[in-house]
Structures are given as structure tokens and as C-alpha cells.
Amino acid sequence: MTETSPYVPPKVWKWEAENGGTFAKTNRPIAGSMHEQELPVGNHPLQLHSLATPNGVKVTVMLEELLEAGHSGAEYDAYVIKIGDGDQFGSGFVDINPNSKIPALVDRSTAIPTRVFESGSILLYLAEKFGAFLPKDHAKRTEAMNWLFWQMGSAPYLGGGFGHFYAYAPEKFEYAIDRFAMETKRQMDVLDRHLADNQYMAGDEYSIADMAIWAWYGALALGRLYDAGEFLDVASYKNVVRWAEEIGKRPAVIRGRKVNRVNGPLEDQLHERHDASDFDTKTQDKVAAE
Ligand SMILES: N[C@@H](CCC(=O)N[C@@H](CS)C(=O)NCC(=O)O)C(=O)O
């Protein structure tokens with residue numbers, strides 16, 4: 001019988017071999033750009049550089065909601081950043097997000113173009129710019145912000161913790177899966193109890209807090225994340241499922257999920273978005289049929 005000796009951390013950690021996980025080629029312990037790469041620029045005031053992961057979907061849902069509500073100033077060009085290919089380390093992208101993570105937005109309607117990174121900051125920027133999807137009433141606005149920031153602090157345990165060890169790590173480590181499954185279920189219970197008495201996260205108004213939380217926890221409740229619906233018994237969080245299904249039916253949400261998507265059914269993949277008509281003519285099923 002071979003016994004593996006327990007890992008003893010060295011005095012100083014060194015970046016040596018790839019760890020074998022799904023993102024082994026992407027992850028690195030240094031920041032900054034790795035290659036020269038200019039970003040394309042389209043005609044609209046808002047330029048989005050992103051991918052349809054949960055963090056990306058929050059922003060495309062918000063932009064589609066703004067357009068659906070008649071805010072024509074929210075017209076946008078959306079370009080794909082393929083994080084598996086290292087696009088986030090190109091010099092143009094690092095200029096707009098020194099943290100090298102999608103999503104990142106440039107607002108070219110300001111005298112000097114404004115860069116906006118971190119999905120929560122982007123949602124708040126757009127909500128304030130257009131006066132939409134953030135309650136005007138101070139107490140309700142505070143509640144929306146409470147939940148927006150809750151999402152920012154909580155989702156790394158769901159994604160970087162549970163999702164990483166359940167779906168992406170090179171081996172199944174019981175300790176890590178246990179720890180993060182427990183925390184993810186606790187978070188789902190937090191949401192479930194809140195949504196038992198509230199239609200939306202900030203009460204009776206749909207807001208950026210719903211968009212942020214739905215992209216992660218709505219996807220989990222609908223069984224779309226990490227194939228973990230059964231493992232985490234997501235159906236038992238009935239109020240979260242009710243809320244997730246309701247939001248999932250919104251036309252802007254259905255459109256927003258398609259933008260910058262490079263996997264899944266071809267009819268749900270709109271790699272780049274430059275015009276509202278692209279949803280009818282440029283999804284990958286239509287491109288393939290040409
Ligand atoms: N806190 C950030 C997280 C963004 C994030 O983690 N983005 C991931 C995709 S979901 C990414 O770009 N990863 C690429 C990398 O880590 O190199 C936000 O909310 O915008």
C-alpha cells in the first residue's frame with residue numbers, strides 16, 4: 001500500500017507547476033498585461049467587454065432591462081473576452097480593468113471616457129446614470145445596496161469555493177466540498193427566508209440587487225450551475241425557486257443571458273451584440289445556417 005505524505009507548506013510559496021485544475025492555464029500569481037492587444041470600439045456610447053458567466057450576465061441583463069424600459073442611451077456594443085484564451089491579460093483590457101476580470105465597461109458618452117470595472121460598480125453606475133432599477137426611497141435604496149454588497153461578498157464562496165472544488169479542481173477533496181457546500185446552502189437559506197416575505201430582494205421593486213443575485217443564486221436554483229441542483233437539493237429552497245423562475249421569464253433577462261455566450265445551445269449564443277436586431281439575426285444557429 002502506498003501512503004501519500006501530508007502536504008507541509010514550504011517557508012516561502014513558489015509558483016511552480018500547473019495544478020491541473022480547469023483554470024490552471026488562466027490562474028497566475030501576478031497582475032498586469034501579458035501581451036499587447038487593443039480593444040475594438042463600436043458606435044454606441046457604452047462599450048462592454050465581457051463573457052456570459054454569472055458576473056457577465058448581471059451587466060447584459062441590466063443593459064437589456066434599461067433598453068426594454070426605453071432608455072435609448074443604454075445602447076451598447078458587447079465584445080467577447082475569452083478568459084480561457086487569456087484575453088483578459090491583453091493591454092487594452094488591463095487598461096480598463098487592472099484586475100483582469102470580466103465584466104468591464106467603457107462609457108464613451110462622458111467628456112473623457114469613463115472606465116467601470118467590478119460588476120457591482122457597473123450595475124450601480126448604470127442605475128445612477130439612468131435613474132433606474134434602484135429604489136428612490138432611501139430605506140429601500142439602502143436595502144437594495146445591502147443585498148448588492150451581500151452578493152459581492154457571498155458569491156466567491158459559491159463560485160471560487162463550492163463551484164471550484166465541486167466542478168473544477170483536479171480531485172474531489174471532501175473537506176473543501178463539505179465546507180463550501182455547507183456555506184452555499186446557508187446562503188441559499190438566507191435568501192429563501194428573505195424571499196418568503198419579499199417579492200424581490202429590496203421588497204416590492206425589482207432592482208440591481210435582484211440582477212446581481214439572480215445571475216448566481218437564481219442560476220443555482222434553476223439547476224444551471226455546476227450541475228449541482230440535486231447535490232445541494234436546490235428544489236427545497238422554494239421561495240428562491242419562485243423568485244428565480246419569475247425573473248428568468250423577463251424578456252430582458254432572456255436576451256441578456258445570450259449576449260457574449262460562447263457555450264450551450266447555438267440559438268442562445270450571441271457572441272457580439274451591436275444592435276437590438278442581432279438577437280434575431282446573429283445568434284450562432286443563424287450564423288451557422290448562412
Ligand atoms: N468581483 C468581480 C469578479 C469578476 C470575475 O471573477 N470574473 C471572472 C469570470 S466570472 C474572470 O474574469 N476570470 C478570469 C480570471 O480570473 O483570469 C466582479 O464582480 O466583477
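# Notebook: fold, ligand shell and helix packing

Buried residues make up 36% of the chain's 290 residues. I am working from a predicted model, so I treat every value below as computed from it.

**Entry 1. Overall fold.** I counted the elements first. The chain has 10 helices and four strands. From the N terminus I read the order as β-α-β-α-β-β-α-α-α-α-α-α-α-α. Next I checked the dimensions. The C-alpha trace spans about 70 × 50 × 45 Å along its principal axes. For 290 residues, a compact globule would have a radius of gyration near 19 Å, and I get 20 Å, so the chain agrees with that expectation. I then looked at contact range. Taking contacts between residues at least 6 apart in sequence, 66% join residues at least 24 apart.

**Entry 2. Ligand shell.** Which residues surround the ligand? I listed Thr-26, Thr-53, Asn-55, Ile-83, Gln-88, Ser-100, Lys-101, Ile-102, Pro-103, Glu-118, Ser-119 and Gly-120. By class, I sorted this shell into seven polar, three nonpolar and two charged residues.

**Entry 3. Backbone at the shell.** I went through the backbone angles of some shell residues. Ile-102 and Pro-103 are joined by a cis peptide bond, with omega about 0°. Both residues belong to the ligand's surroundings. Pro-103 is in the loop between helix H2 (91-96) and strand E3 (104-107).

Ser-100 lies in the loop between H2 and E3 as well. Its phi is near 50°, which is positive in a residue other than glycine. Is Ser-100 buried or exposed? I found 22 C-beta neighbours inside 10 Å; the cut-off for buried is 20 or more, so Ser-100 counts as buried.

Glu-118 is another shell residue. It also has a positive phi, about 75°, although it is not a glycine. I place Glu-118 in the loop between strand E4 (114-117) and helix H3 (119-130). Glu-118 has 16 other C-beta atoms within 10 Å, so I log it as partly exposed.

**Entry 4. H4 against H5.** I turned to the helices. Helix H4 covers residues 138-168 and helix H5 covers residues 174-197. Their axes come within 9 Å and cross at roughly 140°. The crossing of H4 past H5 is left-handed.

What does each helix bring to the contact? From H4 I noted Ser-154, Tyr-157, Leu-158, Gly-161, Phe-162, Phe-165 and Tyr-166. They meet Ala-176, Ile-177, Phe-180, Ala-181, Glu-183, Thr-184 and Gln-187 in H5. I divided the contact residues by class: nine nonpolar, four polar and one charged.

**Entry 5. Two residues in H6.** Helix H6 covers residues 208-221, and I found Tyr-217 in it. Tyr-217 has 27 other C-beta atoms within 10 Å, so it is buried. Which residues does Tyr-217 contact, leaving aside neighbours within four places in sequence? I get Met-188, Leu-191 and Val-240. I also took one distance. Tyr-217 and Asp-107 are 110 residues apart along the chain, and their C-alpha atoms are separated by 28 Å.

I counted 25 other C-beta atoms within 10 Å, so Gly-218 is buried. Not counting residues up to four places away in sequence, Gly-218 touches Ile-213, Ala-244, Ile-247 and Gly-248. How far is Gly-218 from Ala-244 in space, C-alpha to C-alpha? I read 4.7 Å, across 26 residues in sequence.

Entry 6. Leu-222 is in the loop between H6 and helix H7 (238-248). Leu-222 has 17 C-beta neighbours inside 10 Å, so I record it as partly exposed. With residues up to four places away in sequence left out, Leu-222 touches Ala-244 and Gly-248. Gly-218 also touches Ala-244 and Gly-248. Leu-222 and Asn-146 are 76 residues apart along the chain, with 24 Å between their C-alpha atoms.

Technical notes:
Residues numbered from 1 in each chain as written. Predicted model: local features only at pLDDT ≥ 70, side-chain atom pairs only at ≥ 80, totals over all residues. Rg over C-alpha atoms; globule rule 2.2 N^0.38 Å. Buried ≥ 20, exposed ≤ 12 C-beta atoms within 10 Å, placed from the backbone. Contact = placed C-beta atoms within 7 Å. Near = placed C-beta within 6 Å. Nonpolar A, V, L, I, M, F, W, Y, C, P; charged D, E, K, R; others polar. Axes fitted to C-alpha atoms, helices over the stretch in contact; angles between N-to-C directions. Left-handed = near helix turned anticlockwise from the far one by under 90°.
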